[in-house]
Amino acid sequence: MSHSHFSELKAVFVNCTLKKSPRQSHTKGLMDVSINIMKKEGVAVDELRLVDHEVAFGVYPDMTEYGYESDEWPDLFKRIFEADILVVGTPIWLGERSSVATQLIERLYAMSGKQNDKGQYLFYGKVGGCIITGNEDGVKHCAMGILYALQHVGYSIPPQADCGWIGEVGPGPSYLDEASNAKANDFTNRNTTFMTYNLMHLAQMLKDNKGYPALGNSRKEWDNGKRWRFENPEYR
């Protein structure tokens with residue numbers, strides 16, 4: 001397989017750290033491993049740190065229509081939606097994903113009722129994954145919530161769609177700290193690599209097939225009375 005195989009793909013990495021730029025982000029450190037693989041495979045990569053932007057809280061597409069003076073989400077969403085692949089990166093705080101990651105998911109949820117040109121929900125045909133960093137515990141717990149949310153709004157999740165690095169219990173070294181030796185962790189490097197390629201493979205397959213067929217999953221057709229092979233006396 002040539003390195004140009006993925007050259008038509010676009011990916012966006014959203015870092016949900018609590019730290020504004022240019023403060024060091026350990027989550028960004030692990031995200032860079034995946035980003036570098038994608039770039040070497042010809043994928044166009046966009047990156048954004050959500051906390052650097054004025055994103056309002058809420059579950060509507062533009063919260064300036066609901067009392068907020070400003071909301072950068074509509075413009076940020078355009079960047080996210082242009083991508084075939086979305087990777088959510090988050091640190092772990094108190095065993096949970098960051099509050100910024102929850103805000104991102106809420107704002108994605110705000111867009112999930114919109115439809116594509118097939119009448120399917122908007123994120124059909126797009127692929128999602130997540131990258132987690134922290135101390136003590138919580139990688140799988142955070143990944144479960146994020147990946148569930150992404151598939152619920154319409155993203156497709158490939159095998160091994162999460163990766164992470166976890167430090168020892170207590171206030172020990174974090175991912176980028178030299179004392180952690182995290183960059184040499186074979187388990188993390190393997191999972192990050194597998195996740196990255198699986199995201200690209202699934203995104204390319206969906207792109208080649210122009211997303212999912214509209215058979216059995218078009219909200220537009222359902223609203224127009226189409227029921228495919230679903231049978232229920234109440235609908236007759």
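Rings of Phe, Tyr and Trp (its six-membered ring) count as a pair if their centres lie within 6.5 Å; planes under 30 degrees apart are stacked, those over 60 are edge-to-face and the rest are tilted. Ten aromatic pairs occur in the structure. The model is a predicted one: local features need pLDDT of at least 70, side-chain atom pairs count only at pLDDT 80 or more, and totals for chains, interfaces and linings use all residues. Residues are numbered from 1 along each chain as its sequence is written, and side-chain values use heavy atoms, with hydrogens and water left out.

One of the pairs joins Phe 77 and Phe 123. The two rings are edge-to-face, at 6.1 Å centre to centre and 80° between the planes. Phe 77 lies in helix 2 and Phe 123 in the loop between helix 3 and strand 5, so the pair ties together parts that are 46 residues apart in sequence. Helices (H or I, at least four residues) and strands (E, at least two) are DSSP runs, numbered from the N terminus. Phe 77 is buried at 9% relative accessibility, and Phe 123 is buried at 0%. Buried means under 20% relative accessible area, exposed over 50% and partly exposed in between (1.4 Å probe, protein chains only).

Phe 123 also pairs with Tyr 155. This pair is stacked, with 4.8 Å centre to centre and 20° between the planes. Tyr 155 lies in the loop between helix 4 and strand 6, so its pair with Phe 123 links parts 32 residues apart in sequence. Both residues are buried. Phe 123 and Tyr 155 form one aromatic cluster with Trp 73, Phe 77 and Phe 81.

Ser 156 is likewise placed in the loop between helix 4 and strand 6 (162–167). Ser 156 is buried, with a relative accessible area of 7%. Leaving aside neighbours within four places in sequence, its contacts (heavy atoms within 4.5 Å) are Lys 126, Val 127, Gly 128, Leu 202, Leu 206 and Tyr 212.

Helix 3 covers residues 99–111. Its 13 residues reach 19 Å from the first C-alpha to the last, close to the 18 Å expected at 1.5 Å a residue. That expected span is 1.5 Å times one less than the number of residues. Among the buried residues of helix 3 are Val 100, Leu 104, Leu 108 and Met 111. The buried residues of helix 3 pack against strand 1 (10–15), helix 2 (73–82), strand 3 (85–93), strand 4 (96–97) and helix 4 (139–153).
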